[in-house]
Amino acid sequence: MLSRIAESLFWIGRYVERADGTARILDVHLERLNHLPMEEQRSVAQELLAVMGARAQSDDFGLPELLNALAYDKQSATSIAGSLGAARENARRARETVSSGLWESLNTTYYGLNQHRKDVVGTYRFCNWVLERTAMVSGLADTTVSHDESWQFLVLGRSLERADMTARMLSTRDVLSAGMSWVNMLRCAGAYESFLRTRRAAFGDQHAAEFLLLDRLFPRSIVYALRDADECLAKLDPSAQRVGFINDARRIVGQARTFLEFHRTDDLMSELPEHMERVQKAVSQASDAISRKYFNQADELAWVGEVS
Amino acid sequence: MSDLFQEYSEAAGRTGAYDEMFAPGQQARKSYGQVALALRELSLADVSARADSMARTFLDRGVTFDFAGEERPFPLDIVPRVIPADEWSVLERGVAQRVRALEAFLNDVYDKMTVVSDGVIPRQLVTTSAHFHRQVHGFEPAGGVRVHISGIDVVRDAEGTFRVLEDNVRVPSGVSYVLENRRAMAKGLPEAFGQQLIRPVEEYPRRLLSALRKTAPSGVDDPTVVVLTPGVFNSAYFEHTLLAGLMGVELVEGRDLICRGNRVYMRTTAGEQRVDVIYKRIDDEFLDPLQFRADSMLGCPGLVNAARAGGVTIANAVGNGVADDKLVYSYVPDLIRYYLNEEPVIANVDTFRLEEKEAREHVLDRLDELVVKPVDGSGGKGLVIGPDASRDELDALRKRIIADPRGWIAQPVLQLSTVPTLSGDKFGPRHVDLRPFAVNDGEDVWVLPGGLTRVALKEGSLIVNSSQGGGSKDTWVLADSPQVPVEVIPRPTIAVRERVSVWPVESNWRDSQKEQQQQQQISDAQEVTANA
C-alpha cells in the first residue's frame, strides 16, 4: 500500500485514541478540580496541562483555559477537538481506502464538535459524547475495514497512543492533592470495576498502578497495549530472522514491554515517574522509527548516510 | 434570590415546618451560603436543563428502583441537603450510640434476656414480635457482630431538633443512591461544590468490605465475601449489583449456594468455592427453607445451621428484626441507658404504646390528630395519617387497633423539616427525612458522612417513600476544618522527589538526538505539519 495512506491510517488510530484518552482524563479530573479553592485550582490546572504535554502560555491559566486547551482548541493537537479534527483530515486524505462507515463517523464527529456548551457542565456532556463517538469510530473501523495491512497500521497507531495515554493517566496521580488518587486513575482508564473484580480487597495506589501498568489482560494497561503494538509490527514485517531485529520500532517496543513485564520491584510507586517517562519516550521513539521505516524511507536513507 | 424563589417564603410559612435552607425572612443559613450563591446564578432554563440531564444520566446508568414491575429512575432533586459539621457530629454520635445499644440488645435477647429479668422491657413484648426468631436463639454469630449495617431514620421537628423515627437493622437499603447522587451532583451543580469542604462518601464500599471481612469466621485467612440477592425482580436489585461491583465480590442468588457439613459453597466454573461471609439482602423468612418458609426458592437450605455452627457469617445476623419492631423502638432510650449507661444523644419521637389502656383510650379519642403505624411495617406500608384520613378509614383503623393493640403504635404528626425542591418552574419547600448509614466491624461503628435524604415531592405531603412518590437529595456533610477529610494526602512536590533509576541506561546513539524532542508539544506540532 502507499506509504502516504499507511501514514494516514496510523495517525487516525493515534488521534482517535488520543481524543478518547483526553476525554477520559478530563472527565474524571474536572470533578476534582471543581472542588478546589481558586488558587489551587489554577496550579493544578497548569500541572494537568503539563501532564498532557503542553505548557500554559501565561500565569493566568485557570479552569476555563484548561477546558479550552484540552477540549475545544482546534489548533492544538493536545486537545480533543484538535485530535478529532486531525483524525478527520487524515481520513479525508485516505478517503478512497477507508470504508465509508469510518469516514462518515469521523466526519460527523468533526461537525458535532461545536454543538456543545463550553462551560463545566457542558464539558461533562462533551466528554461523554466524545467517548461515544470514538467508541463508534473504533467499532466501525473494526467491522468495516478488512484486517489487512491498513488495519495493522490503524491498530498500531491506536496501541502506541493507548500506552502513552495510560502513562499520562498514571502521571496525573501527582497532580491532584485532594481525593483518592488511585480511584481516579482507575476511573480514567475505565478500569475501576475490572480492577475491583481482580484484586478483591487489595486496594491502594500500589495495586492500582500495577494494574494499569502491568496487567496482562486489561486492554488499556501499558503492557497489553505494547504487546498489541508488537504484534502489529510483527505482522507488518513477517520476515523471520534467526537472530535479532533489524526493525527499530520492534526493538524499542519490545524492549519497553519486556522490561516492564519482567521487572521485579518492591517499591513501584517511587519508580513510577521513571516508568512513565520511559514509556512515553519509547512510544515517541517507536513512532519515529515507524515513520522512518514505512512512511518516508527517503529521509531515513539520507539521515543514516550522514551518520556513517 | 432569583425569581425561582419568588413565592418560597409564603409557601414555607404555610407548612409551619423548620426550613433547612432559609431562616425566617428568606435569609439563607450559613451552611447553605454556597448553594444559594450557585442557584442565584442560574436561570430557569439552566436549572431544568440540568435536572433533565441528571434524570437521563440516572436512567442511562440504570439507577432505578422497581415499582410494580417497572424500572423507574429514582428522582434526584438538584438542590442538595447540607448538614453543617457541628450538627453532624451530634448525629454521628447519636447514630453510633444507637447501633451499639441495639447490638447489645440483640445479643442479650438471643441469649440470657437479662434485659427482661431486670425489668427494662416486658418478656411478652419480645416474644410476640413477628421477627423474634427462636431458630437463632442461643448462639453467638461467627465474628461476633449482629448489626453490621444499619440505617437509622432521623427527622427534624418544627423546632429543628433531630429525632429518631425508626431503626433499620435488618436490610437497610438506599446507600447506592447516596453514592450515585454524589456522582450526579458533581456534574449537575458543580458551582456549589466550590470553596467548601464536603466530606466524601465514596469510601463506603471499602469500609463495608473491610468490616465484612473482619467479621469472618475465625481461622479463615482470606475470607470470601458474597452478596446474596433475591434476584433481578427485587426492588433494590440495582443496589445489590452496585455494592457487589464496588466491593469486587460475587453477587449470588440462593440457587448458586450449597451447604454441606455446615459450610457454605458457591458453584463456580472452577468447582465449588467456600463462602465465608454472606452479605444477606433477602428477608429472614426466605433465607432458609429448613427453618423458615419451606416454600422459599430464594434462599439456600442449611444456612442457619451453618451460621449456628460458626461456619459462615451472615450479615446482618438472622433475627435482627426484633430490634426494628416499632414497639421495641419506644424502649430504645431505656435500652441505651441500660446497656451503655449513657443518656440518648438523639431523642425518639413521642410514641404511644397501645397495649397500655390509658394510652390506647387517649389515642382512640384523637385518631384524627395522630399518625398510626403498624409495628412491623416498612416502606410506609399500612401507615395512617389521621388529619388526612377519611371517616371510614379512621373507623376501620379503630377496629383494627382494638382487635390487635400489640400491632400498632401512635405518634403525633411531625412537621418534618423542609428543603427547597424543584417543582415545575420554581422551588418550593418539601418535607425531608434522613437515613444515615452505619457500618459496624465489631470494634468500631463508622457512620457514613452523608446519608440518604428522601423528599416528598408532592406539596405538603409527609410520605417520603420512593414507592409513594418520593425522591431524594444528595446529602452534604460539611467538614469544619481542612484537617477532617480523611482523603487528603500530602502532595509530593515533583521537584523535590528523589529520582530512582531502574531502567537500563540508554546507549542508543539516536537517543541523544531525540532528547530535544521530548516535549510532546513540539513533536505534536511536527506531527500536525507532517500530516498537513
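Is the crossing of α1(A) and α7(A) right-handed or left-handed?

1. The crossing of these two helices, α1(A) and α7(A), is right-handed. This is a predicted model, and the values in this note are to be read with that in mind. Helix α1 of chain A covers residues 3-34, and it packs against α7(A) at an angle of about 30°, with the two axes 7 Å apart. Because that angle falls under 35 degrees, α1(A) counts as roughly parallel to α7(A).

2. A:V155 counts as buried because 23 C-beta neighbours lie inside 10 Å, where 20 or more are required. Leaving out residues up to four places away in sequence, A:V155 touches A:G13, A:D228 and A:C232. For one of these, A:D228, the C-alpha atom is separated from that of A:V155 by 7.9 Å, although the two residues are 73 residues apart along the chain.

3. Chain B has 532 residues, of which 44% count as buried. When the contacts of chain B with a separation of 6 or more are considered, 71% of them come from residues 24 or more positions apart.

4. In soluble globular proteins, nonpolar side chains tend to be buried together. The largest nonpolar core here has 138 residues, and the members that touch the most other members are B:I278, B:L303 and B:A438. Helix α4(B) gives the most to this core, with 10 residues. A second, separate core has 96 residues, including A:A45, A:W103, A:A208 and A:A256.

5. The surroundings of B:A438 can be followed residue by residue. Setting aside neighbours within four places in sequence, B:A438 is in contact with B:V95, B:A96 and B:V99, with B:S150 and B:I152, and with B:V445, B:W446 and B:V447.

6. An open sheet in chain B is formed by four strands in the order β16-β19-β17-β18, and the pairing is antiparallel. Strands β16 and β18 (384-385) of chain B stand at the edges with a single partner strand each, so one side of each is left without a neighbour in the sheet.

7. Two bridges then pair β17(B) with β18(B) in the antiparallel sense, where B:V371 stands opposite B:I385.

8. A hairpin in chain B deserves a separate look. Strand β20 of chain B, residues 418-423, is mostly covered, since five of its six residues are buried. Six bridges pair β20(B) with strand β21 of chain B, residues 426-435, in the antiparallel sense, and B:P420 stands opposite B:P429 in β21(B). The hairpin has two residues between the strands, and B:G424 takes a positive phi near 65° there.

9. With 15 C-beta neighbours inside 10 Å, B:M113 counts as partly exposed. B:N341 is not a glycine either, and has a positive phi of about 60°; the loop that holds B:N341 lies between α15 (332-340) and β15 (347-348) of chain B. B:N341 is exposed, because 7 other C-beta atoms lie within 10 Å, and 12 or fewer count as exposed.

10. The last point concerns a peptide bond. The bond that joins B:A315 and B:N316 is cis, with omega about -10°. B:N316 is placed in the loop between β14 (313-315) and α13 (321-324) of chain B.

Key. Residues are numbered from 1 along each chain as its sequence is written. Chains are lettered from A and ligands numbered from 1 in the order in which they are written. This is a predicted model: local features need pLDDT of at least 70, side-chain atom pairs count only at pLDDT 80 or more; totals for chains, interfaces and linings use all residues. Two residues are in contact if their C-beta atoms, placed from the backbone, lie within 7 Å. A nonpolar core is a set of buried Ala, Val, Leu, Ile, Met, Phe, Trp, Tyr and Cys residues joined through C-beta atoms within 7 Å. Two strands pair if DSSP finds at least two bridges between them. Axes are lines fitted to C-alpha atoms, for helices over the stretch in contact, and angles run from 0 to 180 degrees between N-to-C directions. Angles under 35 degrees count as roughly parallel, over 145 as roughly antiparallel, 65 to 115 as roughly perpendicular and the rest as oblique. A crossing is left-handed if the near helix is turned anticlockwise from the far one by less than a right angle, and right-handed if clockwise.
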